[in-house]
Amino acid sequence: MNNSNRPYVFYPRRYDFNELTNDISLLVEKFPFLRVNTIGYSVLNKPIYEIEIGKGPRKIHWNGSFHANEWITTCVILKMVVWLCNTVAMEDLPFHQELLTLFNQNTLSVVPMVNPDGVNLVLNEVVDYKEFMDFVNQINNGNDGFTGWKANIRGVDLNNQFPANWEVEKERKKQKTYAPRDYPGDAPLTEPEAIAMSNLAIEKQFDLLLALHTQGKEFYWGYGQLEPAISEVYANYFASVSPYKSVKTIDSHAGYKDWYIQEFRKPGFTLELGKGINPLPLSMFESIFSETFPILLGSLFNLENYTNQTLK
């Protein structure tokens, strides 16, 4: 039976690296316009995948699962990618023509799982190598399970790894050595996952970036007054189409969004999806997706010609 004219269906589930790999293989087979790149490898040598859609000059980037126990962000991204692919591929679906136009204007880069080793640890409570299993058990503070684990498999918080006032973050973090969360490492950009993400941004020169985290139902869009004026236009728009609160800045440094704004002076956003205690349960997935959908879609709109007043 030919299933080529049927929509691909994404089922949210406990979404480890194997689930992601399987989905990517199926998506590439069904939607040959997708491009998949390996931008680097994790500590345990798992590929860090980038999915690309579109051929336009404007370059947009989304990423998820910088933090291991925030793996539900990967599910959100994959469901959005599936929706985009189905809509582009099938003429009878709503917004088909509009998305074709958007993807002639935009190239979308997606890294759905920045931290595959950490996600696997949180979900499966085991890693492939005994030496790393012994190590994570040693630094897990006697916890039963790994639901509180945010770091990569070496105990470094990947979203504290970037050279944007890294020294400030290093000094004030309580964690002074490898830990399940909050340790920025011995220097910026020591971890292969962070290096891969830095190299990607330098190579692709994105025009707008969304980093998906959990939780808080808010998003951050400023850093050190270095963000461009258009960032506020997008912030106002995102707040108008979702229940998420717009917060310009918080007292935090060394994150991917912080470094991106500092280096490129382009609009960057950290989205804190949902509200609760990490890891957020799958029972919240549909509400989280519906709240985030308009922001993800809105990132593909070029608002350069709009003003704050226009969007009110």
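A helix axis here is a line fitted to the C-alpha atoms over the stretch in contact, and angles run from 0 to 180 degrees between N-to-C directions. With that in hand, we can walk through this predicted model.

Start with helix α1, residues 17-30, and helix α2, residues 72-89. Their axes come within 12 Å and cross at roughly 10°. Angles under 35 degrees count as roughly parallel, so α1 and α2 are roughly parallel to each other. Who makes the contact? From α1 come Leu20, Asp23, Leu27 and Lys30. From α2 come Thr74, Leu78, Val82 and Asn86. The residues of this contact divide into 4 nonpolar, 2 polar and 2 charged.

Stay on α2 and turn to helix α10, residues 285-298. The axes of α2 and α10 come within 10 Å, and they cross at roughly 60°. The crossing of α2 past α10 is right-handed. On the α2 side, Ile72, Cys75, Val76, Lys79, Met80 and Trp83 take part. On the α10 side, the partners are Phe285, Glu286, Ile288, Phe289, Thr292, Phe293, Leu296 and Leu297. By class, this contact has 11 nonpolar residues, 1 polar and 2 charged.

Helix α2 also packs on helix α3, residues 96-105. How far apart are the axes of α2 and α3, and at what angle do the helices pack? The axes are 8 Å apart, and the angle is about 105°. Angles from 65 to 115 degrees count as roughly perpendicular, so that is how α2 and α3 lie to each other. Trp83, Leu84, Thr87 and Val88 in α2 meet His96, Leu99, Leu100 and Phe103 in α3. This contact has 6 nonpolar residues, 2 polar and no charged ones. Look again at Trp83: this α2 residue is in the contact with α10 and also in the contact with α3.

Now step back along the chain to Arg14. This residue sits in the segment before α1. Arg14 and Asn120 are 106 residues apart in sequence. In space, their C-alpha atoms are 9.9 Å apart. Which residues does Arg14 touch, leaving aside its neighbours within four places in sequence? They are Glu19, Trp71, Leu123 and Leu282.

Next come some details of the backbone. The peptide bond from Thr214 to Gln215 is cis, with omega near 10°. Gln215 is found in the loop between β5 and β6. Lys217 lies in that loop too, between β5 and β6. Phi of Lys217 is near 55°, a positive value in a residue other than glycine. A further cis peptide bond runs from Asn278 to Pro279, with omega near -5°. Pro279 has its place in the loop between β8 and α10.

Last, consider the empty space. Rolling a probe the size of a water molecule over the atoms shows where empty space is left. The largest pocket has a volume of about 480 Å³. Its lining is made by 27 residues. Which of them lie nearest the centre of the pocket? They are Asn159, Tyr220, Ile250, Ser252 and Glu272. The elements that give two or more residues to the lining are β5 (208-214), α9 (256-264) and β8 (268-273). Helix α9 gives the largest share, 3 residues. By class, the lining has 4 nonpolar, 12 polar and 11 charged residues.

Terms used
Residues numbered from 1 in each chain as written. Predicted model: local features only at pLDDT ≥ 70, side-chain atom pairs only at ≥ 80, totals over all residues. Heavy atoms only, no water. 1 Å grid on protein atoms, 1.4 Å probe; cavity = no way out; pocket = protein on both sides within 12 Å on 5 of 7 lines; lining within 4 Å. Points joined across faces, edges and corners; volume = space filled by probe spheres on them. Helix = DSSP H or I, 4+ residues; strand = E, 2+ residues; numbered from the N terminus. Nonpolar A, V, L, I, M, F, W, Y, C, P; charged D, E, K, R; others polar. Parallel < 35°, antiparallel > 145°, perpendicular 65-115°, else oblique. Contact = heavy atoms within 4.5 Å. Left-handed = near helix turned anticlockwise from the far one by under 90°.
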